[in-house]
Amino acid sequence: MTKRLLLDLTLATMEPGRAPYGLVEDAAVALEGGRVAWAGPRAGLPGEWRGMAAEGLDGRLVTPALVDCHTHLVFGGNRAREFEMRLEGASYEEIARAGGGIVSTVSATRAASEEALFQGALPRLDALLAEGVASVEIKSGYGLTVEDELKMLRVARRLGAARGVRVRTSWLAAHALPPEYKGRARDYLDEVVLPGMERGAAEGLIDAVDAFCEGIAFSVEETRRVFERARSLGLPVKLHAEQLSDLGGAALAAEFGALSADHLEYLSPAGIEAMAGAGTVAVLLPGAFYTLRERQAPPVAALREAGVPIALATDCNPGTSPLTSLLLTMNMGATLFRLTPEEALAGVTREAARALGLQGEIGTIAPGRRAELAVWNVEHPAELAYRIGFNPLHRLIKDEAA
């Protein structure tokens with residue numbers, strides 16, 4: 001197996017329970033067979049690694065490669081005109097009547113070929129990769145037919161293969177009720193969401209199952225049906241919950257041992273307690289909060305006090321978070337939600353990995369973890385959340401097994 005030694009660097013391992021950021025000055029990282037073999041102070045480098053040729057990083061900061069754990073990266077069309085209308089004072093209902101809203105994205109996604117969706121999503125993925133991202137979650141949810149939802153997930157898999165990036169897919173057919181099923185949510189679940197989930201699972205297209213539990217989407221009981229089917233198929237679940245109101249979705253997610261509950265602006269103390277007990281990650285999405293000019297922020301202090309892991313993600317989507325910068329997301333998380341810079345970095349590394357069920361593979365720098373490292377032109381990790389609209393990535397190191 002190939003060996004590789006990195007020297008002359010500052011290391012932020014992001015392992016909990018150590019110094020802030022897991023920071024190690026004058027550090028060394030040894031890589032072997034696509035994994036971290038050793039990481040720590042250079043003075044403690046094991047004898048077998050001493051004397052071998054090394055790559056010097058000129059004192060640069062090294063962190064785990066970044067993880068974007070909540071995106072809607074694959075979609076047709078755009079909603080720039082809707083953005084313009086909103087700024088001109090149009091209401092959500094007026095925009096919808098003009099053909100905007102999620103219906104316009106559904107129409108564009110249904111009309112698009114796999115190739116068109118792939119080519120449209122590729123620049124968005126590339127923007128994330130250029131900032132040190134090595135793992136991305138991609139949801140369906142804009143096709144809302146069995147075939148169109150599966151089309152989106154096939155594109156997601158193709159994106160991962162094309163760029164050599166880890167893509168985790170989520171089945172989000174329970175995202176909205178399409179116009180042809182208006183007033184018939186039960187039929188939609190029976191005819192699209194549940195059978196499509198079974199097909200997607202059989203074809204190896206689904207890594208997790210998601211739903212939007214909200215007054216404008218699906219009820220707690222409807223979401224429960226989705227989760228029960230996912231459980232029967234052995235698929236983990238996650239949930240868009242408590243974004244616009246408190247329906248108790250986070251508690252439902254925790255009941256099913258969900259990987260994450262996402263948004264959470266209206267999360268209740270009972271929901272926090274349930275998530276803490278289940279180890280469910282709170283994924284905060286400041287891009288949507290910013291775009292929609294929301295006023296109620298997620299209860300970060302209560303989540304922190306309860307020990308609920310907190311992750312951050314772009315929520316990249318055409319309508320409410322057209323955001324393709326995880327670095328800007330970190331700054332938003334700190335500025336809008338009052339996360340510390342350390343929490344923001346943990347939110348796009350260690351806790352984002354946890355939100356995908358990958359905490360044993362990525363998100364920290366420790367022996368046995370994947371050799372996926374971001375090298376930055378900064379002196380201290382706080383700079384990653386501090387800057388606005390600036391990308392200090394020097395390079396991404398991804399060692400594959402020989």
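## Thr 329 in helix H12

In this predicted model, Thr 329 lies in helix H12. Its relative accessibility is 0%, so Thr 329 counts as buried; the cut-off for that class is under 20% relative accessible area. When its neighbours within four places in sequence are left aside, Thr 329 is in contact with Pro 286, Leu 312, Ala 313, Thr 314 and Leu 323.

## Asn 317 and its annotated group

Helix H12 covers residues 326-337, and the loop between strand E12 (310-312) and this helix contains Asn 317. Asn 317 has a relative accessible area of 5% and is therefore buried. Not counting residues up to four places away in sequence, Asn 317 touches His 72, Phe 75, Tyr 142 and Pro 322.

His 72 sits in the loop between strand E5 (66-68) and helix H1 (80-87). With 3% relative accessibility, His 72 counts as buried. Leaving out residues up to four places away in sequence, His 72 touches Lys 139, Ser 140, Tyr 142, Leu 172, His 175, His 240, Asp 315, Cys 316 and Asn 317.

## How H5 packs on H6

Two packed helices are described by the angle between their axes and the distance between the axes. For helix H5 (residues 146-163) and H6, the angle is about 40 degrees and the axes are 9 Å apart. H5 and H6 are therefore oblique to each other, since an angle must be under 35 degrees to count as roughly parallel. H5 passes H6 in a right-handed crossing.

On the H5 side, the contact is made by Val 146, Glu 147 and Leu 150, and on the H6 side by Glu 191, Val 192, Gly 196, Arg 199 and Gly 200. Sorted by class, the contact of H5 with H6 has three nonpolar, two polar and three charged residues.

## How H6 packs on H7

Helix H6 (residues 185-202) also packs with helix H7 (residues 220-232); their axes come within 11 Å and cross at roughly 20 degrees. H6 and H7 are therefore roughly parallel to each other. The crossing in which H6 passes H7 is right-handed.

H6 contributes Ala 185, Arg 186, Leu 189, Asp 190, Val 193, Leu 194, Met 197 and Glu 198 to the contact, while H7 contributes Glu 222, Arg 225, Val 226, Arg 229 and Ala 230. The residues of the contact of H6 with H7 divide into seven nonpolar, no polar and six charged.

Most residues other than glycine have a negative phi. Which value does phi of Leu 144 take? Phi of Leu 144 is near 60 degrees, a positive value in a residue other than glycine. Leu 144 is placed in the loop between strand E6 (133-139) and H5. Its relative accessible area is 2%, so Leu 144 is buried.

Tyr 21 has a phi near 65 degrees, which is also positive in a residue other than glycine. The loop between strand E1 (3-12) and strand E2 (23-32) holds Tyr 21. At 7% relative accessibility, Tyr 21 counts as buried.

## Phe 390

Where is Phe 390 placed? Phe 390 is in the loop between helix H15 (383-386) and strand E14 (393-398). Its relative accessibility is 46%, so Phe 390 counts as partly exposed; residues in that class fall between the limits of 20% and 50%. Phe 390 and Ser 325 are 65 residues apart along the chain, and their C-alpha atoms are separated by 9.9 Å.

Note on methods:
Residues numbered from 1 in each chain as written. Predicted model: local features only at pLDDT ≥ 70, side-chain atom pairs only at ≥ 80, totals over all residues. Heavy atoms only, no water. Axes fitted to C-alpha atoms, helices over the stretch in contact; angles between N-to-C directions. Helix = DSSP H or I, 4+ residues; strand = E, 2+ residues; numbered from the N terminus. Parallel < 35°, antiparallel > 145°, perpendicular 65-115°, else oblique. Left-handed = near helix turned anticlockwise from the far one by under 90°. Contact = heavy atoms within 4.5 Å. Nonpolar A, V, L, I, M, F, W, Y, C, P; charged D, E, K, R; others polar. Buried < 20%, exposed > 50% of the residue type's maximum accessible area, 1.4 Å probe, protein only.
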